[in-house]
Amino acid sequence: MLDLKFVRANLEQVKEMLRLRGYDLDMAGFEELDRQRRAGLAVLEELRHKRNKVSEQIAEMKKRGEDASAIIAEMKQVSSEIKDLEKRVAAVERQLRDLLMLIPNMPHESVPVGEDESHNQEIRVWGEIKEMDFEPRPHWEIGEGLGILDFSRAAKLSGARFALYRGAGALLERALINFMLDIHTKEHGYTEVLPPFMVNRACMTGTGQLPKFEEDLFKVAGWDLYLVPTAEVPVTNIHREEVLREEDLPILYVAYTPCFRSEAGSYGKDTRGLIRQHQFNKVELVKFSKPETSYEELETLTGNAEEILRRLELPYRVVCLCTGDLGFSAAKTYDLEVWLPGQGVYREISSCSNFTDFQARRAGIRFKRKGAKGTELVHTLNGSGLAVGRTVVAILENYQQADGSVVIPKALRPYMNGMERITGQ
RNA sequence: GGAGAGAUGGCCGAGCUGGCUGAAGGCGCUCGCCUGCUAAGCGAGUGUGGGUCGAAAGAUCCACCGAGGGUUCGAAUCCCUCUCUCUCCGCCA
């Protein structure tokens, strides 16, 4: 959520931003709602002031044993006026808030302007794409061939967009989770957390999934609970409605969770394989930082995610999302895209964003500077470090051999009980 | 699932026979004083959000004592609903 005062003072800039992001949001009502709210408040507060003053007066009269019935009768009238006005002001505030909740974050000035992903800016490319003396196959063929991925039985259990891993496949997934968590906790200074996988509406609103993206979520029937679409939600909300101490910042968390997404609106896209699942595993990095350092923190966070790809020796590139491709809550996002030879494309495997104070304002995450009065909103950041299922995809496709087997990346072998290669089973 | 207790400021904790309590007291924190360091001591200050005026500093008003309703001229204090925490019983991985 943007600051109301900011929107009021920079309305044209906000409208321009909406245009650049490709949002069709009518801001015409904003000024009128804002005006109504303030006008209503002025009258309301004056009435309340009167009520407070006269109430004091009544108390004094009663203490002296005087008769206050006339003045009480008059106040009865004022009280009902207040009640009416309160209802009307509350209604206007609700409309204003609803509108504000639909406005996306302001992109950082360094974000390239563009309508869609074709305008994303390539920042750097890492690793060498291996030449294969055979036609590389997509991961679903490799995985099914090795008996480590079983999509048809997964469909029997749960339908499309689910996967059943078995044997070395299941081990590979588990190994990657541990590998990633170990590097981020031991080498990058993150604290591991294991949050609930279901969260309430307040959490989803705090990080920006609600109210705008309800259809993307799985809701638990009969409960005020949603399955987490990313660990970003529970982990960022750890400090919801809290005042943090300056000396504790930045706070760095890493969490493994499964992620649940309805993938509404992506029918027909990536229907084969592990790329787009209703349930997938992810190791997520989350930071709470002071405003002045958040963009440096974004660089290091992105670097922390890249480190996993480097250790696994998977070729990738980093792109900066343009205004039209940027997520709702983000001010700046770097996507890490890993090379998939089976499909001959770079595919997103991590998305690292600075949300500035956008989520913090919604979620009430503040900090107090030493010696200063008052509190400030923190900046929140997060990034995948990495999406585990897609890492499996990348390993299967990049390390595939002509005979159908898959070599295990060296760094991962200790986590695979020393296994060097996955062969048919 | 049944019975009971509770939810107050950054933290702890009074108030809860309605009015002078935005809230005692303590801790923490900030500034000043004092002390050759440290500790202790003394004084002052220290919640959040919003409206109005002001260039600003600030002034002033309103709201907020888990959340939402209600009673009342007036509610942290009374009533109702919900959420969460704790204790006991039952059930269960």
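Guide: A strand is a DSSP run of type E with at least two residues, and strands are numbered from the N terminus. This model is predicted.

Visitor: Where does N354 sit by that rule?

Guide: N354 falls in strand β12, which covers residues 345-354.

Visitor: What makes N354 count as buried or exposed?

Guide: The cut-off for buried is under 20% relative accessible area. N354 has 0%, so N354 counts as buried.

Visitor: Which residues does N354 touch, leaving aside those up to four places away in sequence?

Guide: Contact means heavy atoms within 4.5 Å. On that basis N354 touches S294, Y295, L298, A330, A331, K332, H379, T380 and L381.

Visitor: How many disulfides does a search of the whole structure find?

Guide: The search returns 0. A disulfide is a covalent bond between the sulfur atoms of two cysteines.

Visitor: How do you know that C259 is in no disulfide?

Guide: Two cysteine sulfur atoms must lie within 2.5 Å to count. For C259, the nearest cysteine sulfur belongs to C352 and is 14 Å away. The cut-off is 2.5 Å, so C259 is in no disulfide.

Visitor: And what is the nearest cysteine sulfur to C352?

Guide: That of C320, 11 Å away. C352 is in no disulfide either.

Visitor: Are C259 and C352 buried or exposed?

Guide: C259 is buried, because its relative accessibility is 0%. C352 is buried too, because its relative accessible area is 0%.

Visitor: What makes a set of residues a nonpolar core?

Guide: The members are buried residues of listed nonpolar types, joined through side-chain atoms within 4.5 Å. The largest such core holds 54 residues. L176 and L412 touch the most other members. Helix α7, residues 168-186, gives the most to this core, with 10 residues.

Visitor: Which residues does L176 touch, not counting those up to four places away in sequence?

Guide: L312, V388, T391, V392, I395 and L412. There is also a second, separate core of 20 residues, including M1, L100, F328 and F358.

Visitor: Why is the approach of E45 to RNA strand B called a polar contact?

Guide: The pair must be N or O atoms within 3.5 Å. A polar side-chain atom of E45 lies 3.2 Å from a base nitrogen of RNA strand B. That value is within 3.5 Å, so the pair counts.

Visitor: What part of RNA strand B lies within 4 Å of the protein?

Guide: Of those atoms, 69% belong to sugar or phosphate, and the rest to bases.

Visitor: How many helices and strands does chain A have?

Guide: 12 helices and 17 strands. Buried residues make up 49% of its 425 residues.

Notes. Residues are numbered from 1 along each chain as its sequence is written. Chains are lettered from A and ligands numbered from 1 in the order in which they are written. This is a predicted model: local features need pLDDT of at least 70, side-chain atom pairs count only at pLDDT 80 or more; totals for chains, interfaces and linings use all residues. Side-chain values use heavy atoms; hydrogens and water are left out. Buried means under 20% relative accessible area, exposed over 50%, partly exposed in between (1.4 Å probe, protein chains only). Helices (H or I, at least four residues) and strands (E, at least two) are DSSP runs, numbered from the N terminus. A residue is near a molecule or strand if one of its heavy atoms lies within 4 Å of it. A polar contact is a pair of N or O atoms within 3.5 Å; within protein, one must be able to donate a hydrogen and the other to accept it, and residues adjacent in sequence count only if both atoms are side-chain atoms.
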